[in-house]
Amino acid sequence: MKTVFVTVGTTSFDELIESITSPETVQALTARGYERLVLQVGRGSLVPAADSSPHVTLEAYRFKDSIAEDIEQADLVISHAGAGSCLESLGAGKSLLVVVNDKLMNNHQLEMARQLHMDSHLLYCTCSTLTETLRTMDLSVLQPFLPGQPKNFAHFLDKALGVQ
């Protein structure tokens, strides 16, 4: 069963959960063959019921000790722009769509997502462009992000945050 895993990390990002479970977005996912939607909702106030999206199998939870198994089972990961979630997904070799929370002030997450996108490691959007991004995305353009190279990652962070 083709699966999408959505994670908001330890934060609250109800707008992402609302967007991903909207009828238009679910339709975009099913048009691409996705049948299962697993949501890690963090501290958010929104925990969708399993029967709230009739066209996909939906599972939602707040936290687990590790999301590694959910990432491993996913065909696509949709994540907030937290460094930990991004690196874990990319390190597992998964196609990654980052949804930047444009409501955050001084948003370093946007710089990181933008740089990883420019390096062809992920796609990114905002909640308002999520459905259209899912309809038009081409995951074949994504390049692997090679894990286990701390020096390269430190260089990447310097570049992304404008320190270099």
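**Cysteines, a helix and a loop**

Modeller: C86 has a relative accessibility of 1% and therefore counts as buried, a word that means under 20% relative accessible area, with exposed meaning over 50% and partly exposed in between (1.4 Å probe, protein chains only). This is a predicted model, in which local features need pLDDT of at least 70 and side-chain atom pairs count only at pLDDT 80 or more, while totals for chains, interfaces and linings use all residues. Residues are numbered from 1 along each chain as its sequence is written, and side-chain values use heavy atoms, leaving out hydrogens and water.

C125 is also buried, at 4% relative accessibility, and its sulfur lies 7.4 Å from the closest cysteine sulfur, that of C127, which is too far for a bond. Across the whole structure, a search finds zero disulfides, a disulfide being a pair of cysteine sulfur atoms within 2.5 Å.

In helix 5 (residues 108-118), the buried residues are Q109, M112, A113, Q115 and L116; helices (H or I, at least four residues) and strands (E, at least two) are DSSP runs, numbered from the N terminus. Seen down the helix axis, these buried residues fall within an arc of 165°, so they line one face of helix 5, where the arc is that of the directions from the axis to the C-beta atoms.

By contrast, H55, in the loop between strand 2 (36-40) and strand 3 (57-61), is exposed, with a relative accessible area of 63%.
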